[in-house]
Amino acid sequence: MSEPSVAVVLRITDENYPESKVQLLRELAKNSIAVQLHTDWPIIESLGVGDILDPLLDEGIEVMSINVPMNGSIDSFTLEKLVMIAEESTGKTVIFREPLNQTYQDLKRIVDMCITYKVRALLEPQSKRQAMRQYSYIKRLIGGALGFSHVEENYATTEEMLESALRFLGLTHNITITNYDEQNAPASLLTPKRYNNPLLIRTLLEKGFDGSITVQYNPDLVDTPTLLKEVLALKEFIKNTYERIQI
């Protein structure tokens, strides 16, 4: 078991994202904070692999995963470009959010492409019930290229999310966390409010989780200094918790 990596969600919503996020990218690089690229298919279609990755790699920022909506009918060229982006990244992982109506054949086509490039594909269930349905597909697909990413905001409580994550722990390779207070304002990650992240992290590490823990806040509500402060505190908490478990 290795210490989990930590990343933050970096949203790419337009083709000029490097110019609009210059200061954030510099701060992430200075503090050695990795990212999960959160984007949509039109961006993948319109930009080249280098257009998306080079601004990050040039700053020394590691990319742990690329997150896009599930689209079983996406053309093979665009799907392959997405997988190629993942192949060139540190985490070599693609995450498919909102996987509501995919078929077994949709997933098989994705998995076959990922296996070709030695990339992992993760599904983000939006409930425990959806996770069970997706597992029925995952267990039919060989090769180990398909697994789960669990997002805290998709569950009412930390305990509910833990139930789903622990049930599929061997297939879970990313956990995305956040926190809000009673007024739905952003709260510190390590202060139990809507979610109890210290409990979540301790439990996952005690059970052997060694994937990525990704931080996701609404960027309109949390400024860069606050985000950096929260992520650095989280990294220290994970490091200390991991070291205690290893003793």
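## A walk around the barrel

The largest nonpolar core here takes in 73 residues, and the ones with the most contacts inside it are Val-35, Leu-37, Leu-56, Phe-96, Val-215 and Leu-234. A nonpolar core is a set of buried Ala, Val, Leu, Ile, Met, Phe, Trp, Tyr and Cys residues joined through side-chain atoms within 4.5 Å; buried means under 20% relative accessible area, exposed over 50%, and partly exposed in between, with a 1.4 Å probe and protein chains only. Before you click on, note that this is a predicted model: local features need pLDDT of at least 70, side-chain atom pairs count only at pLDDT 80 or more, and totals for chains, interfaces and linings use all residues. Residues are numbered from 1 along each chain as its sequence is written, and side-chain values use heavy atoms, with hydrogens and water left out.

**Stop 1: the whole protein.** Switch to cartoon and you'll find 10 helices and 8 strands (DSSP runs numbered from the N terminus: H or I of at least four residues for helices, E of at least two for strands). The radius of gyration is 17 Å, close to the 18 Å that the globule rule gives for 247 residues, so the protein is as compact as a globular protein of that length. That radius is taken over C-alpha atoms, and the rule is 2.2 Å times the number of residues to the power 0.38. The C-alpha trace spans about 45 × 40 × 40 Å along its principal axes, and 51% of the 247 residues count as buried.

**Stop 2: the barrel.** Now select the strands. In what order do the 8 strands close into a barrel? They go β1-β2-β3-β4-β5-β6-β7-β8, with parallel pairing; two strands pair if DSSP finds at least two bridges between them. From one strand to the next, the twist averages 30 degrees (axes are lines fitted to C-alpha atoms, for helices over the stretch in contact, and angles run from 0 to 180 degrees between N-to-C directions).

**Stop 3: along β3 to β6.** Start at β3 (residues 63-69), which pairs with β4 in the parallel sense over 4 bridges; Ile-66 has Val-94 as its bridge partner in β4. Helix α6 (residues 104-117) packs on the sheet, touching β4, β5 and β6, and its direction makes about 150 degrees with that of β5. Next, β4 (residues 93-97) runs parallel to β5 (residues 120-123), joined by 4 bridges, and Ile-95 is partnered with Leu-122. Leu-122 also has a partner in β6, Gly-147; β5 and β6 (residues 146-151) run parallel and share 3 bridges.

**Stop 4: Arg-109.** Stay on α6 and pick Arg-109, which is partly exposed at 27% relative accessible area. A polar atom of the Arg-109 side chain lies 2.6 Å from the backbone oxygen of Ile-74, and a 3.4 Å polar contact links its side chain to that of Ser-76. Polar contact here means a pair of N or O atoms within 3.5 Å; within protein, one must be able to donate a hydrogen and the other to accept it, and residues adjacent in sequence count only if both atoms are side-chain atoms.

**Stop 5: Thr-176.** Jump to β7 (residues 172-177) and select Thr-176. Buried or exposed? Thr-176 is buried, with a relative accessible area of 2%. Its side chain makes a 3.0 Å polar contact with the side chain of Asn-174. Leaving out residues up to four places away in sequence, Thr-176 touches residues including Gln-36, Glu-124, His-150 and Gln-216 (contact means heavy atoms within 4.5 Å).
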